Amino acid sequence: MPNSMTGCGEGIATAGDSTCRVELRTVNNRSFKFSLRTREGFVGLEPRVEALVRQRVRRGTIQMTLDLTGNAATVTRRIDAAQLGAYLDQLEDFCAGHDLELPRSISGLLGLPGITADAAAEEAALDRAWPLVAEAVERALTALDAMRRAEGETLAADMRSICGEIAGLVAGIRERVPQAVEQQRVRLLERVSSILAERGVSLGEADVAREIALVADRTDIAEEIVRLESHLAQFERLLDEESPGRPLDFLSQELAREANTIASKSADVGIAHAVVELKTRIERLREQVQNLE
């Protein structure tokens with residue numbers, strides 16, 4: 001069954017006094033886009049984490065929050081001297097302008113944004129934290145997969161139902177074609193006969209039949225019906241695959257193209273009404289396909 005591109009999952013792993021908590025959220029996207037939010041010192045884990053995610057998720061926008069606590073989260077803190085100096089200069093100017101005494105301690109400044117930050121963890125620290133992180137990521141991915149599969153099954157069931165409705169409409173159009181062709185032949189014959197009678201011109205039956213055949217050939221929709229049926233059969237087969245989003249998107253566009261061609265070629269009122277219903281259901285298919293991986 002296909003997977004939905006929308007879902008969320010959480011994974012928690014613990015080892016000793018260290019804990020890693022991972023949250024995953026995915027939304028629709030035509031390609032793969034990954035972003036990680038974590039402590040500044042552990043951004044070096046992003047390539048490893050992304051590699052794990054790519055094994056389970058093929059496309060979509062994936063947002064991950066990763067939080068480490070305990071010994072595994074121990075990294076060196078650093079002070080941004082330039083930023084602290086800028087704050088002190090502003091504080092000195094402010095105090096001088098308001099006849100205030102300068103503070104004798106900078107402890108109050110250390111909590112300001114940008115003063116302290118995690119230093120980048122060394123590779124050895126990342127290696128020590130990785131088994132715990134990988135376990136939490138795998139658990140979050142498992143939860144995400146379960147949610148995406150459940151939604152994918154619902155979407156696939158809805159699309160199969162729509163495909164059944166489309167197949168019924170196409171069958172109705174196929175049944176209508178012989179009657180539509182005969183009605184068109186009669187109308188053309190009457191019109192041609194009327195025009196020729198007004199001008200006092202006569203043509204042989206073979207000439208009239210040839211002209212009617214040419215018009216009928218230009219309005220023939222048999223090929224479009226065959227292609228619609230073929231596309232529908234492929235569409236339903238692809239719904240049994242795990243990640244059919246891209247080919248299904250292409251097929252839904254092809255279904256719409258064939259429906260538009262039938263609408264432009266056929267002048268029959270019954271077929272025109274069926275095509276309107278057909279295009280409505282194809283548009284529903286296209287909207288649902290956008291949610292599949």
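**Exercise 1.** How many residues lie between β1 and β2 in their hairpin, and which residue in the turn has a positive phi?

*Solution.* Before starting, note that this is a predicted model, in which local features need pLDDT of at least 70 and side-chain atom pairs count only at pLDDT 80 or more, while totals for chains, interfaces and linings use all residues. Residues are numbered from 1 along each chain as its sequence is written, and side-chain values use heavy atoms, with hydrogens and water left out. Strands (E, at least two residues) and helices (H or I, at least four) are DSSP runs, numbered from the N terminus. Step one is to find the hairpin of β1 and β2, which has two residues between its strands. Step two is to look into the turn, where G16 has a positive phi of about 65°.

**Exercise 2.** Find the strands that pair with β2, and state the sense in which they run.

*Solution.* Two strands pair if DSSP finds at least two bridges between them. Begin with β1 (residues 7–15), which runs antiparallel to β2 and is joined to it by nine bridges; here C8 stands opposite R25. Then turn to β4 (residues 60–69), which also pairs with β2 in the antiparallel sense, over nine bridges, and in this pair L24 stands opposite M64.

**Exercise 3.** Describe the largest nonpolar core, and say which element gives the most to it.

*Solution.* A nonpolar core is a set of buried Ala, Val, Leu, Ile, Met, Phe, Trp, Tyr and Cys residues joined through side-chain atoms within 4.5 Å. The largest one has 32 residues, of which M159, I166, I173, F235, I271, L278 and L285 touch the most other members. The elements giving two or more residues to this core are α3 (123–198), α5 (222–238), α6 (245–265) and α7 (269–289), and α3 gives the most, with 11 residues. Apart from this core lies another, of 28 residues, including F42, A129, A136 and L141.

Note on methods:
Buried < 20%, exposed > 50% of the residue type's maximum accessible area, 1.4 Å probe, protein only.
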